[in-house]
Amino acid sequence: MKLPLFKIHWDDDDLHAVNRVIEEGGRWCIGPDVVTFEQRLCQDIGINNCITYNSGGSALHALMIAHGIGPSDEVIVPSFTFIATAMAPLYVGARPVFADIEEMSLGLDPDDVLNKITPRTRALMPIHFGGFPCLVNDLREIAEDAGLIFIEDAAEAYGAEVNGRRVGTLSDSAIFSFCQNKIFTTGEGGCAVTNDDNVARKLRLVQSYGRQMDGDYFSTSEGIDYVDVGYNWRMSSMAAALGLSQLKRVDELIKRRRDNASYLDSKLSSIDGLEILRPRQEEFAVYQMYTIRVVEGKEVRDALSSYLKKRGITTKIYFDPVHNYSVFRNLGLSDTILPTTQKISSQVLTLPFYPNMSEGEMNVLVGAIEDFFEGENNE
């Protein structure tokens with residue numbers, strides 16, 4: 001049995017949704033499905049404004065612009081993240097400042113964030129790792145006290161909650177990703193959300209060349225104006241139609257993820273040498289991926305990964321510390337000490353995980369890990 005890292009969950013409704021847009025033959029771009037998708041996302045998340053983009057990374061870039069972040073500004077981010085989080089400040093000439101993480105949610109550590117605030121700090125941008133909420137309320141309080149813009153990179157956490165409140169609604173603005181391995185998917189895609197109407201107006205301008213108009217650019221004969229610098233970061237109508245179809249069953253997909261995670265937790269928690277991630281009592285995690293920690297660190301973790309690969313089981317390291325990458329070293333941004341980030345990054349291993357993962361597949365995965373820790377790794 002071969003176990004991939006993830007499988008996309010799709011059904012005939014997804015095919016029909018995309019085919020319908022194609023067969024209509026005229027509004028593949030800036031079509032009504034995009035508007036409807038944004039409206040449905042607002043309703044589902046509980047937010048006033050949603051602007052879709054061609055990727056979560058574009059949405060992050062757009063938020064930097066919409067919030068007026070620029071040269072001489074600093075944005076506090078984790079190094080334990082996908083690189084888009086740390087690159088977003090660079091897009092507008094700002095400087096990412098890396099803070100350490102805490103060991104339970106693997107999100108930003110509020111204590112270290114306090115140590116990283118300077119007179120140039122403009123914004124604070126945590127992530128919610130793998131669908132686990134970070135200490136978002138503590139971080140928001142820090143941002144409020146320091147007068148900072150607070151942005152959630154919730155790319156991996158659609159549907160997650162803290163004390164019954166949705167991730168993405170706990171900040172000034174947030175982004176979600178709809179890339180293929182996320183909670184639900186449009187293939188590529190993402191969105192920015194906010195309750196600030198002025199920020200939303202700027203996000204809309206940035207999304208489509210700074211164009212100010214009502215209606216469909218491709219069919220209107222009315223005059224238009226370009227009022228700001230913008231980009232072509234729009235989501236296609238086919239992607240939006242796919243998103244609408246997937247969004248209808250997002251609660252089912254999250255339930256399946258949580259049920260599968262509970263099963264794996266019950267099996268793996270008894271293996272000496274492993275630690276599993278658990279949400280805090282007040283948190284509702286959505287398990288965008290399933291990540292374990294190999295306590296002994298990199299050597300054993302890498303040996304486990306190699307062993308599983310030989311058994312046809314795909315694993316991946318999410319994440320290596322991004323501040324160690326060449327792009328940040330070359331910019332002089334790697335001179336920072338992040339002991340917990342370094343420790344966690346040497347331990348984490350993301351395992352195969354998807355909504356329609358069968359009990360048989362999970363048993364194969366668990367059995368292989370048990371075999372490794374029982375000594376078969378020497379074979």
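This is a selection-by-selection tour of a predicted model.

Residues are numbered from 1 along each chain as its sequence is written, and side-chain values use heavy atoms, with hydrogens and water left out. Because the model is predicted, local features need pLDDT of at least 70 and side-chain atom pairs count only at pLDDT 80 or more, while totals for chains, interfaces and linings use all residues.

**Stop 1: the cores**

Select F129, L268, Y290, I292, L351 and I369. These have the most contacts inside the largest nonpolar core, which has 42 residues. Such a core is a set of buried Ala, Val, Leu, Ile, Met, Phe, Trp, Tyr and Cys residues joined through side-chain atoms within 4.5 Å. Buried means under 20% relative accessible area, exposed over 50%, and partly exposed in between (1.4 Å probe, protein chains only).

Next, colour the elements that give two or more residues to this core: α9 (250-268), β12 (274-276), β14 (290-294), α10 (298-310), β15 (348-351) and α13 (359-373). The largest contribution, six residues, comes from α13. Helices (H or I, at least four residues) and strands (E, at least two) are DSSP runs, numbered from the N terminus.

Centre on I292. Beyond its neighbours within four places in sequence, I292 is in contact (heavy atoms within 4.5 Å) with L268, L274, E275, I276, L304, Q347, V348, L349 and L351. For the second, separate core, of 33 residues, pick I51, A59, V75 and V206, which are among its members.

**Stop 2: helix α8**

Select residues 237-247. Helix α8 is largely enclosed by the rest of the structure, because 10 of its 11 residues are buried. Show α1 (12-24), α2 (32-45) and α9 as well; they are among what covers the buried residues of α8.

**Stop 3: D100**

Move to the loop between β3 (95-99) and α5 (110-116), where D100 lies. D100 is buried but has no salt bridge, and K116, the nearest side chain of opposite charge, is 7.1 Å away. A salt bridge needs a side-chain nitrogen of Lys or Arg within 4 Å of a carboxyl oxygen of Asp or Glu. Which residue's side chain is joined to that of D100 by a polar contact? It is T341, at 2.7 Å. A polar contact is a pair of N or O atoms within 3.5 Å; within protein, one must be able to donate a hydrogen and the other to accept it, and residues adjacent in sequence count only if both atoms are side-chain atoms.

**Stop 4: cysteines**

The whole structure has zero disulfides, a disulfide being a pair of cysteine sulfur atoms within 2.5 Å. Select C29, C42 and C50. The closest cysteine sulfur to that of C29 is in C50, 17 Å away, too far for a bond. For C42 the closest is also in C50, at 5.1 Å, again too far.

Note on methods
Lys and Arg count as positive and Asp and Glu as negative; His and the chain ends are not counted.
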